[in-house]
Amino acid sequence: EKGTYPFYMLKEIDEQPTVMRKLTQEYRDDQGKVNIDKDLVEEVSASDRIYIVACGTSYNAGWAAKSLLETVTQIPVEVQLSSEFGYNMPLLSERPFFIFLTQSGETADSRQVLVQTNRLGFPSLTITNVAGSTLSREAKYTLLLHAGPEIAVASTKAYTAQIAMLAILAQAVGKNKNSKASTSFDAFHELSIVATAMESMVDEKDYISSLVEHYLSTTRNAFYIGRGNDYYVASEAALKLKEISYVQAEGFAAGELKHGTIALIEEATPVLGIITGQNTGAHTRGNLKEVESRGANTIVIASEELARQEDQIILPTVHPLLTSLVAVIPTQLIAYYACLQRGYDVDKPRNLAKSVTVE
Ligand code: F6R
């Protein structure tokens, strides 16, 4: 039930800190260790490459978790679109492990890949919000997101839950493999810091609504830019803005802008820069300066330690591998208010269905 909320999407955005804590409750044992099926942990540990297969927002969640997974498990990770991978399978490694990310567990494009990997005899895990869903039944293993039903078509809490779930899995696999990074990474501790940071971001609703009114109320297009994990958040931020406010938005690797796309920047084009990467922030700022000098209106979303006084949105500091979990929150709210201010139906955008059961 949406209770006092005008739309499910806003309720689901607000629920994200609780979802982070719920995942900890579900997957932490009495000694504070990760409680996940040992066979699953063994099988992932024994693989030489993890293939994450997903669509849409779940695909973006895969990218957001890639460097975290690689760092903590020391296993290379590929992130693939179901609808491409299914028809054009690349040369696979010798011992692949497949992870299907799917909120609904019913996405036909993803299922089609699972049917093929099952036929080839490869081990698989479905990470989903829906117990008993098709992809959950057909994969060898399942991890549930425990995020509660996601009703709004635009996915929010499933995105952050998927990244958090992968952080917990990474910790278990890293520990099992005795990876160096896993000894200094305590997923549950880090997720509790994330939950608190998320809380302070969802409290910024009125302020974000006013920013949207100022920068995005009449625009027909917008760009999100970032590097590394900030680029992956930019992709998700743009998808969210497109699907509910119908603003043509692109998430761009900040450094690529000058290789062509910068031609699209005009007077007052909104360009939103995401800056949480220690080694990339200065470069992204440089790219923002380039677009500003061509007339763009820039908005900076920066983590506390990299922020400048004039930046519009400041994110509390969290573990550097988990910044997407916090950076995405203001971008979900930006999409929400851009839609609301245009008078569209937030929960039921045109042309879209909550679960896509055709290929
Ligand atoms: C965007 C959105 C879609 C889904 C995609 C995959 O907000 O909701 O892009 O993420 O259709 O759906 P699942 O995760 O159910 O496989």
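A polar contact is a pair of N or O atoms within 3.5 Å; within protein, one atom must be able to donate a hydrogen and the other to accept it, and residues adjacent in sequence count only if both atoms are side-chain atoms. The views below come from a predicted model, in which local features need pLDDT of at least 70 and side-chain atom pairs count only at pLDDT 80 or more, while totals for chains, interfaces and linings use all residues. Residues are numbered from 1 along each chain as its sequence is written, and side-chain values use heavy atoms, with hydrogens and water left out.

View 1. A polar side-chain atom of Lys240 lies 2.8 Å from an oxygen atom of the ligand. The side chain of Ser104 has an N or O atom 2.7 Å from a ligand oxygen atom, and a polar backbone atom of Gln103 is 2.7 Å from an oxygen atom of the ligand.

**View 2. Helices α4 and α12.** The axes of helix α4 (residues 56-73) and helix α12 (residues 229-245) come within 9 Å and cross at roughly 170 degrees; helices here are DSSP runs (H or I, at least four residues), numbered from the N terminus. Axes are lines fitted to C-alpha atoms over the stretch in contact, and angles run from 0 to 180 degrees between N-to-C directions. The two helices, α4 and α12, are therefore roughly antiparallel to each other, a term for angles over 145 degrees. The contact (heavy atoms within 4.5 Å) includes Trp63 and Ala64 of α4 and Leu239 and Lys240 of α12.

**View 3. Helices α2 and α10.** Helix α2 (residues 16-27) and helix α10 (residues 187-202) pack at an angle of about 165 degrees, with their axes 8 Å apart, and α2 and α10 are therefore roughly antiparallel to each other. Among the residues that make this contact are Met20 and Tyr27 of α2, together with Phe188 and Leu191 of α10.

**View 4. Helices α11 and α14.** Helix α11 (residues 205-216) and helix α14 (residues 323-342) have axes that come within 9 Å and cross at roughly 60 degrees. The helices α11 and α14 are therefore oblique to each other, the term for angles left over once those under 35, over 145 and from 65 to 115 degrees are set aside. Residues in this contact include Ile208 and Val212 of α11 and Leu333 and Tyr337 of α14.
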